[in-house]
Amino acid sequence: MISKWRWLLLRLARQIWFRASLFALLGVVTALLSAGAQWVIPAEISGKIGSEAVGPILNILASSMLAVTTFSLTVMVTAYSAASAHVTPRAAKLLREDPTTQNVLAVFVGAFLYSLVGIIALNTDIYGASGRAMLFAVTLVVILIMVIALLRWINHLARLGMVDETSRNVESAARAAFEERTNTPFMGGRPLRNGKDDVPDSAIPVYAGLPGYVQHVDMSALCEAGRNAGEEGEVTVYLAALPGAYVHARRPLLWIAGLAESEPASETLAPFRNACVVGDQRNFDGDPRFGLVVLTEIASRALSPGVNDPGTAIDIVGRQFRLLAAWAEQGEREGDGDPACPNVHVPPLSVDDMFDDAFAPIARDGAALLEVQLRLLKALRALAGLGGPGFRKAALRHAQAALKRSEEKLLLEEEKARLRDIVREMERIGEAVEL
């Protein structure tokens with residue numbers, strides 16, 4: 001897991017204004033630096049390359065970039081609204097952080113400010129003959145970059161805000177979070193498999209200042225705080241809430257064991273509390289379950305009577321299957337060497353919770369649709385065979401619940417029989433494994 005400050009910087013860098021500001025600053029600096037080009041381009045050459053035409057070109061560039069930027073912002077806001085209304089508001093966060101959209105808008109804004117500053121500088125006569133030649137050469141490069149960005153933007157607009165493209169982005173974000181947990185088992189700490197049962201009775205709970213979702217845990221800061229807090233040895237930290245969990249006055253962030261009773265609690269507990277970032281919304285970084293939740297929301301919206309799109313729900317079941325099948329294969333296993341934070345104990349991701357996030361709402365909302373239930377039960381059957389006992393138990397539990405819902409909604413006995421056959425097969429497999 002990355003440090004708290006690096007995580008905050010990454011969140012800042014994903015804001016749409018950040019890249020636009022950098023490109024705008026680059027455009028202004030580039031336009032002004034051309035004034036000192038007499039050391040680069042001799043004056044006798046500057047008159048032979050058409051540098052006198054740079055003024056009209058900059059005028060055209062400024063007016064066109066202003067119009068293109070305004071149009072692009074309008075399209076972007078429309079796509080965000082469409083994604084919030086027809087997909088899920090939680091997926092709009094990924095659209096706002098889309099790197100292609102941010103890069104294109106940043107190029108447009110930077111080109112506009114570059115041309116605007118160039119026009120002002122030309123009218124104030126700060127450019128000599130060599131400066132005009134350099135400005136002309138840089139303007140050609142800016143036009144080339146702008147054309148490439150415009151072509152990328154046109155290609156990107158064909159998919160921006162579409163349901164399948166948004167679902168693909170959510171799946172990619174969830175896969176990245178799962179891979180992070182796979183590559184860094186237990187977030188770099190030791191496993192806490194039995195939850196509160198493994199925590200000593202003498203451990204002190206640490207609560208968040210305000211209720212909210214755990215967004216990030218700085219494991220290195222927790223490890224360092226544990227080393228600095230103990231007098232005779234390291235303090236052991238037991239993480240109580242993974243990223244994505246909702247904490248409040250009665251649910252602690254973590255427990256601490258081994259603190260000296262003579263130390264003032266307020267000074268001792270502050271470094272541990274500050275290592276956990278709590279906010280009002282969940283995010284995809286380090287929270288694999290949030291990706292499953294957002295995908296399920298897309299499926300539920302598609303199954304609503306106003307949309308009635310079972311094909312999207314079937315597609316989402318396939319995406320959920322791919323994510324959980326990859327987790328069943330790789331999972332979260334202890335590494336061969338010592339963990340990076342040996343004094344921090346972290347609970348594993350709950351298989352039951354992941355199955356609840358991925359399949360329970362789809363089984364409820366698609367209970368009356370045979371095609372959705374068939375795809376759901378077949379996915380559960382495959383997951384039962386891929387994972388260990390935890391996967392088999394969770395898959396069978398959801399298959400049985402989905403069958404009960406469908407038996408109340410479906411009218412034809414033949415349709416119910418097809419679903420029962422799949423569930424019976426899963427039950428026989430489970431019985432054979434237990435024997």
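Author: In this predicted model, strand 3 and strand 5 (residues 246-247) pair in the antiparallel sense, with 2 bridges between them. Within this pairing, Gly212 has Val247 of strand 5 as its bridge partner. Strand 3 also pairs with strand 7 (residues 276-279), again in the antiparallel sense, over 4 bridges. Here the bridge partner of Val214 is Val278 in strand 7. Of the 6 residues of strand 3 (residues 212-217), 5 are buried, so the strand is largely enclosed by the rest of the structure.

The aromatic residues may be considered next. The whole structure contains 5 aromatic pairs. In one of them, the ring centres of Phe178 and Trp327 lie 5.4 Å apart with the planes at 50°, so this pair is tilted. Phe178 belongs to helix 8 (residues 163-183) and Trp327 to helix 12 (residues 310-330), so the contact ties together parts that are 149 residues apart in sequence. Both Phe178 and Trp327 are buried.

Another pair is formed by Phe355 and Phe391: the centres are 5.3 Å apart and the planes stand at 85°, so the arrangement is edge-to-face. Because Phe355 lies in helix 13 (residues 351-365) and Phe391 in helix 15 (residues 389-409), this pair ties together parts that are 36 residues apart in sequence. Phe355 counts as buried, at 0% relative accessibility, and Phe391 is buried with a relative accessible area of 5%. Ring pairs join Phe355, Phe359 and Phe391 into a cluster.

Notes: Residues numbered from 1 in each chain as written. Predicted model: local features only at pLDDT ≥ 70, side-chain atom pairs only at ≥ 80, totals over all residues. Heavy atoms only, no water. Phe/Tyr/Trp six-rings, centres within 6.5 Å; stacked < 30°, edge-to-face > 60°. Buried < 20%, exposed > 50% of the residue type's maximum accessible area, 1.4 Å probe, protein only. Pairing = 2+ DSSP bridges.
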